Structure formats: structure tokens, C-alpha cells
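Me: Here is a structure to explore. Let us take it one question at a time.

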Amino acid sequence: MSNLISHSAIWAALKTHQAYIAPIHLRELFALDSQRFERFSVKACGLFLDYSKNRLTADTLDLLQQLAVEARLQDWIVRLFQGDKVNNTEQRAALHIALRNRSNRPILVDGKDVMPDVNAVLDKMRQFSDSVRDGEWRGYTGKKIQSVVNIGIGGSDLGPAMVTRALKAYHHPRLRSYFVSNVDGTHIGEILDELDPETTLFIIASKTFTTQETLLNAQSARQWLTDKLGNDKAIAKHFVAVSTAKDKVIEFGMDPANMFEFWDWVGGRYSLWSAIGLPIVVMIGMDNFEKLLDGAHQLDQHFETAPFKKNLPVLLGLIGLWYSNFFGANSQAVLPYDYSLSLFPAHLQQLIMESLGKRVTRDGDRVDYSTCPIIWGAPGNNGQHAFYQLLHQGTHCVPADFLIAIESQYQLAGHQDAVLSNALAQTHALMMGRTPEETKQALVSNESLPHRVFPGNQPTNTLVYQKLTPQILGTLIALYEHKVFVQGICWGINPFDQWGVELGKQVASTLLPALQSNEADNVEHDLSTDGLLKYLKAHRYSVTRFS
């Protein structure tokens, strides 16, 4: 007998229920229940969630929560918070919650409380960031730091870059931040062109100090710095590391006292709360970083204790599962009507798709159901002039999350009212649409009638918060982290490994020597790749570009 959740009685019940719900338009659901908004909204941790514009009823939620019970979600939540090795394929805990454990309750990994080490690193981050911000940390020539460049990739880049961008209103007025991740020399080259080597600090984020992209960019930055300042000793004043590879950090030329540690029970995409968040701390200060941790911790406590019917991550997770598995929705849009969150969709792409883009269960069984939607999006109002056409009149069911700030980071007359009116208008139009009869009344001519009809019935969640403070941002990020956990458990997959990123790296390691050599390649790939390799080698040229 199969252990897949799709072979359970509750899954069959949900399929039957979907057949009942599918023909019903959201207009009808609201017409049948004048209290629908009140029944299908919840407030917690400074967030207000309206999920009434979804194609579901109270019976739907009951069935979805039964599915969560069948998957033993509550037991898995307990295991997550007590430090069990929920990452079974790597035999590790997944303790990002320990990094923001502001109550400081003991959290054990292999019988050891991790909180003293977590707190020690946070203290070190405070001391270092204060010295940079206060001007005590000086570059090799005695000048204050003005530019902070984080060099990393994946979780060592996306999360910190997103938070740093989102909290720009909280930046130190003297400091400017930059993030380098792409191995294409254009990325670091364009940034180096803007910098003064005497006032630049590089943060190299690589746990093992072997990540190809990060190390190549770090070496280019080091070469640029020593060429400009004329002495290798300058490295110790302009480079710090977030790593555990002390020997390699020393070999690079850094002072090991300026190495910040993190742990293998923190996955990259969950690591911005750790020393990986050092560029955030330097830019916004440790007090504000602790508020970011506070917001995440509040959401952690809510997730751990709230009943499923009032639990924000559980609700979002189950609603997302409802569309992925029973409506065939292959993608989900994330639409922040808050420009500060312009990088939030990109962060969620990594968080969600690297966690849930898997085809086998924890036990290695092949699933027979969809496990992860494609995540995409952009800030409103920009998206309205790009891809909203597809949302309104396309052929796809695309559930969308709208994130709305009541107050902007910058209060300019008339701007926020325009933002809010557009956000509300879009969720209304996506739900209601416009019928042929309504369209006839709106048009002078019937010639373009089919082109002006909007089917509506597109589901949305709306998340509202007062203003994007560090605390609220921490809450939002933790909300989606736990939503991922909910869906991973319900689908029976491990959301904390990422073996899918390995194969491409391994193949690249065989192709790199071939590209760097004039000799014929002795490693055979497929005919297309071999043909492309020969073409590139025949047409390539080399340029060294630092002036």
C-alpha cells in the first residue's frame, strides 16, 4: 500500500469537493455569505490576512486541515522547534528558528544547547558593525569605510540583498551597500568601477571558502584592492569573512579574528538571520537587526502555538496546496505593493522552489502529484503594465499574494493613495471580472465585446501591514519560511536539502578545465554540449579589465 498522501481518503475527499467548488464563481460565494470577509480573514503579529477572495468554503478549510492532520503536521512542528533532525537526507536539524530565538530558551542539537554560540556570534556582529558605523574601523590608509560589498551567492546573497534593499530607509547615512554574486565579470567589474579602494569593505560569505563563484569574485576584488593600494597587508583592513574555513580565510590574507561563524543546521536560503546577515547589520545597525529577529520570533511563536484555523503559515500553505494539487495551478505570483520589497519575489523564488521543487518523498518514493508552483512576480504598479494582462484574461489559474503597506517608507503627497487604490482595484477586478452584460453597458460598440470581457474568479490573498519596519519584515520572511515547511510536510518531502543544485556544478567542474586549455577536451558530454564547447573555444578571446 502506498504511503503517498495522494492515496489517502482525505485526498479523495478533496478531489470530490473540488468538483463541487470548481463551477462556483467567487461572486456567488460572496453573494451567499455577507460575513465572508470577516470569516476568512485573520490578524496576527502585525499582519492582516484577507483570504476571502479564494475559491473555497469553510468545508474546504476543514478538509485541508484534515489533510494536515493526516500528514502529522503538528508533530513535525514540534520536531522542528525542538531541534530534531528534520532534514533527514543530510541528517541535520533545521534551526533557523534558533537564530532568532529572542526568548533564549534552550534549543538542543545532539544534546548541546546552541543558544550560547548563537548569542556569541550576534555579540561579535554588534561589536564589528558598531566599529564600522562609528568610524572606528579604518581602511589601510586610515580613512573611514563608506562602501560595503557583500560577495556571496544563493542564500549568501539573495536574502541579505533583499533585506538590505527593503530597509534602505534605515541605512547609515555614510554607508553604501553593494552585492556581488554573478560570476560574469560584468557584475563585479561595474561595481568596482564605482568604488574607492581606500574606503571599501568586502564581506566574503562562503561557508567552506570553496564556492566557485564567490571565490573567483573575491580573488578579483583582492587583486583590484592590492593593485590600487600597493600592499597585500591592506587585505586585513578591507576584507572580513563569514565562513567556517579558518585556514582558507588566513590563506586569503584575512585576520581570523574577523571571521564570523555559522553552522550546518542552517540552510543557505534560511541563513540571513545568522552571520550571513552581517551586511544587513552594518547597514541598518544591530538594534534594527534585532528588531528583524524579534519579528521573525513572534511569527515563530504564532506558528508553534496558534490553532490551524488561525495560523497564518498553515492557512497560506494549505490554500497554496489546494490550488497546486486540485486546480492544477502551476505558478503563483507574489505582488508587493511596496517598492521596498522589490527583491522579495526573487528571495521567495529561491526559498520556495529550492525547498519544494522535488519529485521524491523523504522516503525516496516518486510522487504522483505536483509539489511546487513556479514563483514569480514584481512590485505593483509596474507589474500592471507588464504581465497583469495574463492574470486578467489569460488561460491560466494563477493564485496571487498581494502585499500592501498602509504607509510607505517615504510619505510623498498623493503617492500612497495611488498605490493603495491600485492594489485594491486589482484584487477586486481579478475576483469579480466583468461579464458580457456589464461589458455591453460599458461599451459604445459591441464589435470589441469578446476582447473586453474579464472572467474574474482569479484567487488572491491580501497581506496588509502598517509599514515595512524591520520587525514587520522579519515577520513576513518567517511567514513564508513556515509556509514552505507546511507544504513540505503535507507533500511528504524534505524542504531543507537541495541536491538539485549539485549536478550542474559537477558538470561545470569538468567543463572549466576544457575551456581554460588549448588542448582537445578528453571528456565527452552530449553532442550538443561538445559542439558548443568547440564553438566557444574557437571564437573566445581574453580580456583583463581593471584600470
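Me: What is the volume of the second largest cavity?
Reply: This is a predicted model: local features need pLDDT of at least 70 and side-chain atom pairs pLDDT 80 or more, while totals for chains, interfaces and linings use all residues. Residues are numbered from 1 along each chain as its sequence is written, and side-chain values use heavy atoms, with hydrogens and water left out. A cavity is a set of points, on a 1 Å grid over the protein atoms alone, where a 1.4 Å probe fits but cannot get out; its volume is the space filled by probe spheres set on the points, which are joined across faces, edges and corners. For the second largest cavity the volume is about 30 Å³.

Me: Which helix gives the largest share of the lining of the second largest cavity?
Reply: Lining residues have an atom within 4 Å of a point. Here they include Val 118, Met 125 and Trp 263. Eight are nonpolar, one is polar and none is charged (Ala, Val, Leu, Ile, Met, Phe, Trp, Tyr, Cys and Pro count as nonpolar; Asp, Glu, Lys and Arg as charged; the others, Gly among them, as polar). Four residues, the largest share, come from helix 7.

Me: What is the volume of the largest cavity?
Reply: There are two cavities of 30 Å³ or more. The largest has 15 lining residues, and among those closest to its centre are Ile 319, Tyr 323 and Pro 399. Helix 15 gives five residues, the largest share. The volume of this cavity is about 110 Å³.

Me: Which residue in strand 13 stands opposite Phe 48?
Reply: Strand 2 and strand 13 run antiparallel, joined by three bridges. Opposite Phe 48 stands Val 464.

Me: Is Ala 71 buried or exposed?
Reply: Ala 71 sits in the loop between helix 4 and helix 5. Beyond four places in sequence, Ala 71 touches Trp 76, Ile 489 and Cys 490. Buried means under 20% relative accessible area, exposed over 50%, partly exposed in between, with a 1.4 Å probe and protein chains only. Since its relative accessibility is 11%, Ala 71 counts as buried.

Me: What is the omega of the peptide bond from Gly 380 to Asn 381?
Reply: Asn 381 lies in the loop between strand 11 and helix 17. The bond from Gly 380 is cis. Its omega is near 10 degrees.

Key. Two strands pair if DSSP finds at least two bridges between them. Helices (H or I, at least four residues) and strands (E, at least two) are DSSP runs, numbered from the N terminus. Contact means heavy atoms within 4.5 Å. On a 1 Å grid over the protein atoms alone, a cavity is a set of points where a 1.4 Å probe fits but cannot get out, and a pocket is an open set with protein on both sides within 12 Å along at least five of seven lines; lining residues have an atom within 4 Å of a point.
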